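Hi,

Here is the structure I promised to send over. Have a look at it first, and then read my notes below.

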Amino acid sequence: MLILNCPYCGCDKDETELSAGGEAHLKRFGPGATDAEFEGYLFGRENPKGLHFERWRCASGCGKWFHAARCTATLEVFGTYKAQTLEPPQNIKDAISAKRPGWTWRGFS
Amino acid sequence: MKRNSVFAVAREALRQHSGWGRTWGNPEAKKAYDVVIIGAGGHGLATAYYLGKNFGITNVAVIEKGWLGGGNTGRNTTIIRSNYLQDPSAAIYEKARSLYETMSQDLNYNVMFSPRGVIMLAQTHHEVRGYQRTAHANSLQGVKTEFISPARVKELCPIMNIDGPRYPVLGALWQARGGSARHDAVAWGYARACTDMGMHILQKTEVTGITQSAGNVTGVETSRGHIACKKLGMVVAGHASVVANMAGFQLPIESVPLQALVSEPIKPCMDVVVMANTVHGYMSQSDKGEMVIGGGTDGYNAYTQRGSFHHLEETVRALIETFPMVSRLKMLRHWGGIVDVTGDRSPILSKTPLGNTFINCGWGTGGFKAIPGSGWGFAELMAKGESPLTDQFGLDRFRAGRFIDESVAAGVAH
């Protein structure tokens, strides 16, 4: 059973109390974008076996969206952070580096 | 390879079964092949088989990281049906279903195909309308299905409670020629036939990299060294994104666990396959007497081959209302497989950005039923560069917005 800590209300939430929202840090494309950009935004997914950044919603708690850094191969959770950011904060990156030295994900490392 | 027949059974009975031999080969890898297929599950082996049978291409290696048919081929609930809404889906799934009918004779290997009929329950008014629409679409597509009444459902499956307060049975989509088959035997039968044609099945051989030159693949790096190829087929289901990433392109796929479980064996009580899509529960009885139960997928990406317990609980909770007699059954085994789900819930059988490389993936939660049709179409695509069965399933449909939408169309979980 996956347990994530909501960074807004501070509660540990069981996965049954959360909704999964798919890949995090997607760059939004709208009018004026090329077909390739729009396809990438809508459908192109990293889907890695290992470190992944995801959006989650504290559905039965405060209702806010947050981000989680998680390993899809071991279900290990590296940390959660607020969604109002374009990239993972340094403390999350450090927590990942401690367990997965040399990690990369899209443009982050 | 010796042919299996009633005479072979009699002959072996007289000499204490000492002469059966290996079902498939375990050869040393060559340095180069005409075609390399990554993934020796049902779809990969079927592709190799039809490359040999339909196009005479037999210098083929099928590379497998684990053991033959040990991924989703050995982890599904063996349901075979073709009652899809969209024309391209109906075509490829119906091709597959019809090939299953003659597969045992074709492969000379008993895959225990049992056309016992598939009932898809309509338990909401939305589903009633959806399945009536599917039945009409199927009659235009030449797929024999019908929408049946609750009384007929009860007649076909007497152990079902059709008056449940939460999940009443309001009707069902009935495909009399659907059914199930022995999933392991499908992989073994294809492997045996491939070996017979001189193809190599390389188990415990992990692909670690893909070598390229000028936009074409030249071979694969494996745990047994480099293997060169003229054409490459990627048929790795749940790990499609991982292998595509090695080749340098991204797929519109998310990998999630899908769970199933089987009960202790009981006496025959149900001779049809029942699917209840509202509650993500599927049930049939195996020839051994176990009740085989399939559940829903997890909501988030994982490669762990086990799923969240609460999904299983939801499935079982709903099933025991529809089938009260199973409430006291003990469950023997439970497992998960990693399914590759696309945005429109339809598969990808496609060319790739690399010239001589093809990909077959995205079958999501419904790959087993499609194995022979998928292999047939994908082999044609690899051999000729195009196939009427696969031309709608290209990767380019996501850019063009030309979806084959099976998820919204009928509210169907596969």
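Predicted model: local features only at pLDDT ≥ 70, side-chain atom pairs only at ≥ 80, totals over all residues.

Let me start with chain B as a whole. It has twelve helices and 18 strands. Its radius of gyration is 21 Å, close to the 22 Å that the globule rule gives for 414 residues, so chain B is as compact as a globular protein of that length. If you want to picture the outline, the C-alpha trace spans about 65 × 65 × 40 Å along its principal axes. Of the 414 residues in chain B, 53% count as buried. I also looked at the contacts in chain B with a separation of 6 or more: residues 24 or more positions apart account for 76% of them.

Strand 1 of chain B covers residues 32-38, and five of its seven residues are buried, so the strand is largely enclosed by the rest of the structure. A residue counts as buried here if 20 or more other C-beta atoms lie within 10 Å of its own. Which strands does strand 1 of chain B pair with in the parallel sense? One is strand 11 of chain B (residues 225-234), over six bridges, and there Val35(B) has Lys231(B) as its bridge partner. Another is strand 2 of chain B (residues 60-63), where the parallel pairing runs over four bridges. In that pair, Val36(B) stands opposite Ala61(B).

Then there is the open sheet in chain B. It has eight strands in the order 5-6-4-13-14-15-12-16, with mixed pairing. At the edges stand strand 5 (146-148) and strand 16 (331-342) of chain B, and each has a single partner strand, so one side of each is left without a neighbour in the sheet. On average, neighbouring strands of this sheet are turned by 20° against each other, direction ignored. Inside the order you will find strand 12 (residues 253-265) and strand 15 (residues 290-297) of chain B, which pair in the antiparallel sense over five bridges. Leu261(B) has Ile293(B) in strand 15 of chain B as its bridge partner.

Helix 5 of chain B (residues 125-141) lies across strand 4 (118-122), strand 5 and strand 6 (171-175) of chain B. The helix runs at about 25° to strand 6 of chain B.

There is a helix pair to look at too. Helix 2 (residues 42-55) and helix 7 (residues 183-196) of chain B pack at an angle of about 35°, with their axes 9 Å apart. Their crossing is left-handed. Among the residues making the contact are Leu45(B), Ala46(B) and Tyr49(B) from helix 2 of chain B, and Val186(B), Tyr190(B) and Cys194(B) from helix 7 of chain B. By class, this contact has ten nonpolar, two polar and no charged residues.

Finally, the meeting of the chains. The contact takes 17 residues from chain A and 20 residues from chain B. On the chain A side, helix 1 (35-42) and strand 4 (51-57) each supply at least two residues. Helix 1 of chain A gives the most to that side, with three residues. Sorted by class, the side of chain A that touches chain B has six nonpolar, five polar and six charged residues.

Cheers

Definitions and conventions:
Residues numbered from 1 in each chain as written. Chains lettered and ligands numbered in written order. Contact = placed C-beta atoms within 7 Å. Nonpolar A, V, L, I, M, F, W, Y, C, P; charged D, E, K, R; others polar. Axes fitted to C-alpha atoms, helices over the stretch in contact; angles between N-to-C directions. Left-handed = near helix turned anticlockwise from the far one by under 90°. Pairing = 2+ DSSP bridges. Rg over C-alpha atoms; globule rule 2.2 N^0.38 Å. Buried ≥ 20, exposed ≤ 12 C-beta atoms within 10 Å, placed from the backbone.
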